[in-house]
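Hi everyone, thanks for coming.

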Amino acid sequence: MDRSDLALVLAIRDQGSLASAAATLDVVPSVITKRLGALEARLGQRLFDRTTRRLSVTAEGEAVCLHARTLLDGFAALESELGERQNALVGTIRLAATFGFGRRWLGPALAAFQSQHPALQIELMLSEQLPDLGAEGYDGALWLWAVQQRSAADWVTRRIARNQRVLAASPDYVERRGTPATVDALASHDCLVARENGDASQRQYALWTLRHARDGSTARVRVQGPLSSNSGEMVRDWCLAGHGIMLRSLWDIAPQLASGELVRVLPQYAMPDADIHWVAPWRPKTPRRVRLLVDHLAEQFRGEPWKPGKAGSR
């Protein structure tokens, strides 16, 4: 079996049909049929059971697929290593990030890095759910997520920048409803809840955990209100329109705080564990292009450009 054979088998298995695999590999379906038949004849094994209505992978086909991804990744890593022995960075970096941070902050930083290395290709996928990075072929993600200690050996993580989720409201809401004097007072206010992780277990309320900036103590309060959404941007728009108090990342609302469209509520409190992390599946060797990109991002965000008064806030 050669490299193209491995790619062929994976494409058929992943796409679920010969026609779809042909489209993925940019060939006509008859070519896929002939190549698969020739491969099965050489191996003396049937890799896929095919009828007019469905295609399913055999046990032998699964065995090939199991090793094919590792072997193809090995080919790609070898090519990249050979290419990176030259001065120019080459190859492709596949990344994931959330929509908001990806558009506002990560996108410009990636464009700047790619401009410095024109032979490099960068693919950014924006999503509100962290993909299965290893299985889907990602080099890593920038995420507001820290690896739990019990699974830390499976991941490579690095804190890229500090960040806080802060309480904010519009001046109109504060004038109308007043400012809560304590964390417990939030329970009697209209709070705007962002259910970005699809958590439907607590429809009536959300549990906000806040940390005091000076003494590090934590306080928890159940909040609720008439408006909630799985879109953080929608929650921000509602807040700007005066419909309630929200808990939102500082990187997302720094411009509105600076302009006075929003004001901090209980400014001595913030939500912990909102830092921005580089998250990647553990691999024996990280490509040089990925290492340099992570260093670039750490430098770009080291000063937390979203902090009030920073020239880079936008």
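Before we start, one term: a pocket here is an open set of grid points with protein on both sides within 12 Å along at least five of seven lines. Please also keep in mind that this is a predicted model.

With that in hand, let's visit the second largest pocket, which has a volume of about 880 Å³. Its lining is made of 26 residues, and D73, A76, A77, D139 and R283 are the closest to the centre. Which elements give two or more residues to that lining? They are α4 (59–84), β3 (91–97) and α9 (288–301). Helix α4 gives the most, with nine residues. As for the classes, the lining has 14 charged residues, along with six polar and six nonpolar ones.

Now for the nonpolar side of things. The largest nonpolar core has 38 residues, and those with the most contacts inside it include F101, L142 and W306. Among the elements that each supply at least two residues of this core are α5 (99–116), β6 (155–161) and α8 (250–259). Take F101 as an example: leaving out residues up to four places away in sequence, F101 touches L106, L142, W251, I276, F301 and W306. There is also a second, separate core of 19 residues, and L6, I12, L39 and V64 are among them.

One last stop: R236, in helix α7 (residues 232–240). Is R236 buried or exposed? R236 counts as buried because its relative accessible area is 11%, and the cut-off is under 20%. Beyond its neighbours within four places in sequence, R236 is in contact with R104, M246, D252 and I253.

Notes
Residues numbered from 1 in each chain as written. Predicted model: local features only at pLDDT ≥ 70, side-chain atom pairs only at ≥ 80, totals over all residues. Heavy atoms only, no water. Helix = DSSP H or I, 4+ residues; strand = E, 2+ residues; numbered from the N terminus. Buried < 20%, exposed > 50% of the residue type's maximum accessible area, 1.4 Å probe, protein only. Contact = heavy atoms within 4.5 Å. 1 Å grid on protein atoms, 1.4 Å probe; cavity = no way out; pocket = protein on both sides within 12 Å on 5 of 7 lines; lining within 4 Å. Points joined across faces, edges and corners; volume = space filled by probe spheres on them. Nonpolar A, V, L, I, M, F, W, Y, C, P; charged D, E, K, R; others polar. Core = buried A, V, L, I, M, F, W, Y, C linked by side-chain atoms within 4.5 Å.
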